[in-house]
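Student: I would like to learn how to read cavities, ring pairs and charges over rings in a model. Could you take me through them?

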Amino acid sequence: MDRTDEEDRGTPVGRRVVLGLLGLGAVGVAAGPFLQRAESALAQRDPSGLSGLLPGNNGFRYYSVVTSVPERDAASYTLTVDGLVERPATHRLADLQAMPQRRLVKDVQCVTGWRVPDTPFEGVPLSHLLDAAGVRPGAKAVRFSCFDGAYTESLTLEQARRDDVLVALRLQDKPITHDHGGPVRLYVAPMYFYKSAKWLSGITVTDAVEPGYWEGNGYDVDAWVGRSNGRDDAPTS
């Protein structure tokens, strides 16, 4: 179920939300349980992830663009690869775990400003899955869908073949939890974190870029850290 209120649908965070979150962070230690409840209520309307920087969190926080997301485990998870490919495939979690893995340690940068340094991600290079499927002539882009039923993203084919783009299975040297988009999520190291779609369920090769969920709410399609969205953050990759 998608939220119908425009702010809850994921409109880029506003100044009042940011200031409210920072204010809670400044006094949260002293105020105790009352402000913890206030923080939780505010975080529900915070598409930025900035509330993850408040006391008691690890730099990340749970956020969904829908009211609830079904959980998937090794028995129920599947990832489809289809579209303009010679060999469409459906992979289970064990299949992905058996493929060649790559580990990257990069900063994670949110488009709203927060940054989590030196974050390990590990998974299957997206290029490996594309090569195994056999991309057809005329393909130009890749669209990603997610099992929450709402989150989508896209990359050009050239971007998708970079060696720092993963179908990620592990975060901070542990299996990716449901709250962090697991068991499998996209990880696009050189771009703002909204491009790293959570709860990945489909990879579709297409003939043109199809803007994703966050692009529909005002963010740039090409989301290079420090070179998009009007920001000048230091690159992460």
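Predicted model: local features only at pLDDT ≥ 70, side-chain atom pairs only at ≥ 80, totals over all residues.

Student: How is a pair of aromatic rings described?

Tutor: By two quantities: the distance of the centres and the angle of the planes. In this structure the count comes to 6 aromatic pairs. Take Tyr-213 and Trp-214. Their ring centres are 5.1 Å apart and their planes stand at 85 degrees, so the pair is edge-to-face. The cut-off for that class is over 60 degrees.

Student: What class of pair do Trp-214 and Tyr-219 form?

Tutor: A tilted one. The centres are 5.9 Å apart, with 50 degrees between the planes.

Student: Are Tyr-213, Trp-214 and Tyr-219 buried or exposed?

Tutor: Buried means under 20% relative accessible area. Tyr-213 has 14%, so Tyr-213 is buried. Trp-214 is at 5% and counts as buried. Tyr-219, at 12%, is buried too.

Student: Which residues do ring pairs link into a cluster?

Tutor: Tyr-194, Tyr-213, Trp-214 and Tyr-219.

Student: Now the charge. Which ring does Arg-72 lie over?

Tutor: For Arg, check where CZ sits relative to the ring centre and the ring normal. Here Arg-72 lies over the face of Phe-147, at 5.0 Å from the ring centre.

Student: Where is Arg-72 found, and what does Arg-72 touch?

Tutor: Arg-72 is in the loop between α2 (33–43) and β1 (78–83). Leaving out residues up to four places away in sequence, Arg-72 touches Tyr-77, Phe-147 and Pro-183. At 33% relative accessibility, Arg-72 counts as partly exposed. Also compare sequence with space: Arg-72 and Leu-93 are 21 residues apart in sequence, and their C-alpha atoms are 9.9 Å apart.

Student: Last, cavities. How many of 30 Å³ or more does a search of the whole structure find?

Tutor: A cavity is space where a probe fits but cannot get out. The search finds 2 of 30 Å³ or more. The second largest cavity holds about 40 Å³ of space.

Student: Which elements give two or more residues to the lining of the second largest cavity?

Tutor: β3 (102–109) and β9 (185–188). β3 gives the most, with 3 residues. Lining residues include Asp-107, Val-108, Gln-109, Tyr-187 and Val-188. Met-191, Tyr-192 and Phe-193 are also among them.

Student: What is the make-up of that lining by class?

Tutor: The lining of the second largest cavity has 7 nonpolar, 2 polar and 1 charged residues.

Key: Residues numbered from 1 in each chain as written. Heavy atoms only, no water. 1 Å grid on protein atoms, 1.4 Å probe; cavity = no way out; pocket = protein on both sides within 12 Å on 5 of 7 lines; lining within 4 Å. Points joined across faces, edges and corners; volume = space filled by probe spheres on them. Helix = DSSP H or I, 4+ residues; strand = E, 2+ residues; numbered from the N terminus. Nonpolar A, V, L, I, M, F, W, Y, C, P; charged D, E, K, R; others polar. Phe/Tyr/Trp six-rings, centres within 6.5 Å; stacked < 30°, edge-to-face > 60°. Buried < 20%, exposed > 50% of the residue type's maximum accessible area, 1.4 Å probe, protein only. Lys NZ or Arg CZ within 6 Å of the ring centre and 35° of its normal. Contact = heavy atoms within 4.5 Å.
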